[in-house]
Amino acid sequence: MAILGNIRKRTTVLILIIGLALFAFVISGIFTGNDSGAKIGSSVAEVNGEDLSIDEFRQKVEQASRRYGANFSSTQLVNTVYDQEIRSALLNQQFEDLGITIESDQIVEFVKTSGYAQIPDFQDENGIFNAEIFKSAIADWKVNDPLRYDAWLQDEKNIMQAAKEQLYFNLVKAGAGATLNEGEFDYNLTNNKVDVQYVRVPYASIADSTIQVSKKEIEAYVKEHKEDYKQDKARDVRFVFFEEKPSLEDENAVKGGLVALLDDTVEYNQSTDQNDTIAGFRNATDMAAFLDRNSDSKYDTIFKAKKDLPAVAADSIMSLEVGEIYGPYRDGDFFKLSKMMERKPNGSVKASHILFTYEGATRANPEIKRTKEEAEAEAKKILVEAQKEDAVFANLARDNSDGPSAPRGGDLGYFQEGIMADEFNDFCFANAVGKVGLVETDFGFHVIRVDDKVDIVKVATLSREVESSEETINTLFTEATKFEMASIDADANDFSDIAKESEFTVRPVNKIKEMDENLPGLGSQRAVVQWAFNDDTKVGAIKRFDLTNGYAVLQLTKKYKEGVMSSEDASATALPKIRKERKAEQIIAANKGKSLEDLASANNVTVSTASALTMKSPTIPGAGREPFVVGSAFALDEGASSSLLKGETGVFMVKVTKKTPAAEIQNFSTYAKTLSTSNANRVNSAVYNALKEGAEIEDKRATFY
């Protein structure tokens, strides 16, 4: 490990070679691996009894890999293609049941309204899609360009699929409209209003500790609410992470190495049989060559403002005189020495401008038709305004400038000499901060204000990355191995105790899913997930994993079976709900027959008011969302009081003080149309989700990946 770690850190070429080799190995496993021993040709999933071929699936993953490249990990590619294939399978089953097919004319119509219509080979001399030219182009490809034709056949499959989906969802949308009666109902939900007085006895008024709930009661609750307590197969693990990072000794070694390069050294020259003086960082005359030999960063000859220097040292560097050195200082993963090479006082200017361009000026907006003389006259007029003591230059720029900086109040930011047009540049660098004037360039007439000036500096930086030494890497490996062996030898429950003795931190990761990849605290670790779900890995099992940045020793702590949660697993969410029901029963039993005022007095709460409540948005100010309580209020007559009501946050009693019906309107077509549009917008996702929820899907990805 130590040698490999050393190579990994210090040999860039080997990093690339090994990285590419490992990537090829992983990808080959993704595309062709069959670790489980499953037969070639078996399925990656089963959808309503229909198998999805693993061979075709692998081909599509490979295609996706070429399309998405490094943006997706191997597991992300698999999951993305899987979701696409499940969707296609469910929809294709619908197409078959409904007899939905696509003919050649429908393909042409679809292409006409899609991005394919922009392909030049399908367009006439006017750049317009032409169906006959389209058909002719495809026929020509078939004879003269087989590779392009084969690619088109794949595109054609995608087009047919997309066209079927469009037809299918349009059929569903046709039935997702809304009637005038539905529009009227929605209008009334929004505009019928009720004012109430209410008393709320919050559930929090009864301590949780007073409500005892047994395991059997939780089991009974879960059994009655099975749909709410379904779970997928999952695993819990805990781990100790041994991060590979430089030790204090490593840091001091790097810092010491930098300091040793500060001053001149004397070395014996065997060829001349004399001692040579080797210039150090302080006295080096060829700084570029010195840094090439001794630094992890090159000599940067660009002048920089303070904001462009390392934040941790910017103030100190800017205070240096030419030839002075600051450091060593830590900047991220590097120790650095910085030497002031050159300084340009006021070398960077910040300015704002108001541009008046004209027809024919460089980069002028074609919509601007003013003449050069008119532009100059307008510029001079605004110059007078801008030079007034109370002028707000930014507002003048926003209202008058033709330049792209107008929304920023004309602010051009900081710039160095030679960046702007000569006339603009000369004005900014020749005048003091606050000066407002007018110059002409090829772009038009500029009313300019000099906003600020700052020094810029050229700095030479000698840097060395702080890396883990071979000794540090070896020590880390030894610590991880010792902890792993001690944990394996001990009882499974001693994992945390052993970690605590060595002052290691144990971190849990709960409810890992079978196709998960990223683990909190560890990053992308597909191998860990596969180990946790391996049938041979028993609860309590311990394993060390070699990571790119250290080691992790993991223990499998729990397995969850697919199905309904156990009472233990469900208790975290079931227990609060059961307690809320019990508290509601207690509050109602203790307050039966009380009036609104008596209820408030007996429970040390106040009578509150709420106005203009609606069914569309059943939220009570001060109490939160309470649909049952608000709905009950609408069912009462004006002046009537409700019984005790089980709300979301407490037990309520409401008294209706005023009911305001919605204003009468002649036609509800607008509201019906809005509902229809809303329904149509939800069709694609809602229909697919419904199909998926009602389907029998057996996911076999973990067998192969």
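Modeller: Before the sheets, a word on terms: two strands pair if DSSP finds at least two bridges between them, and helices (H or I, at least four residues) and strands (E, at least two) are DSSP runs, numbered from the N terminus. This is a predicted model, in which local features need pLDDT of at least 70 and side-chain atom pairs count only at pLDDT 80 or more, while totals for chains, interfaces and linings use all residues. Residues are numbered from 1 along each chain as its sequence is written, and side-chain values use heavy atoms, with hydrogens and water left out.

Biologist: OK, which order do the strands take in the open sheet of three?

Modeller: The order is β2-β1-β24, with antiparallel pairing. β2 and β24 (697–699) are at the edges with a single partner strand each, so one side of each has no neighbour in the sheet. The twist averages 20 degrees from one strand to the next, where angles run from 0 to 180 degrees between N-to-C directions and axes are lines fitted to C-alpha atoms, for helices over the stretch in contact.

Biologist: And how many bridges hold β1 and β2?

Modeller: Strand β1 (residues 43–47) pairs with β2 over four bridges in the antiparallel sense, and Glu46 stands opposite Asp51 in β2. Helix α3 packs on this sheet, touching β1 and β2, and its direction makes about 45 degrees with that of β2; contact here means heavy atoms within 4.5 Å.

Biologist: Switching topic, what is the volume of the second largest pocket?

Modeller: Its volume is about 1,000 Å³, taken as the space filled by probe spheres set on grid points that are joined across faces, edges and corners. On a 1 Å grid over the protein atoms alone, a pocket is an open set of points with protein on both sides within 12 Å along at least five of seven lines, whereas a cavity is a set where a 1.4 Å probe fits but cannot get out; lining residues have an atom within 4 Å of a point.

Biologist: Which residues are closest to its centre?

Modeller: Of the 29 lining residues, those are Lys60, Glu85, Ser88, Gln154 and Asn158. β2 (50–53), α3 (54–68), α4 (74–98) and α7 (146–174) each supply at least two residues of the lining, with the largest share, nine residues, coming from α7.

Biologist: How does that lining divide by class?

Modeller: The lining has eight nonpolar, nine polar and 12 charged residues. In this scheme Ala, Val, Leu, Ile, Met, Phe, Trp, Tyr, Cys and Pro count as nonpolar, Asp, Glu, Lys and Arg as charged, and the others, Gly among them, as polar.

Biologist: Now the helices: at what angle do α8 and α22 pack?

Modeller: Helix α8 (residues 180–191) and helix α22 (residues 669–694) pack at about 95 degrees, with their axes 7 Å apart. They are therefore roughly perpendicular to each other, since angles under 35 degrees count as roughly parallel, over 145 as roughly antiparallel, 65 to 115 as roughly perpendicular and the rest as oblique.

Biologist: Which residues meet there?

Modeller: Leu180, Glu182, Gly183, Asp186 and Tyr187 in α8 meet Ser669, Tyr671, Ala672 and Leu675 in α22.

Biologist: Last one, which peptide bond is cis?

Modeller: The bond from Gly327 to Pro328 is cis, with omega near 5 degrees, and Pro328 lies in strand β8 (residues 325–331).
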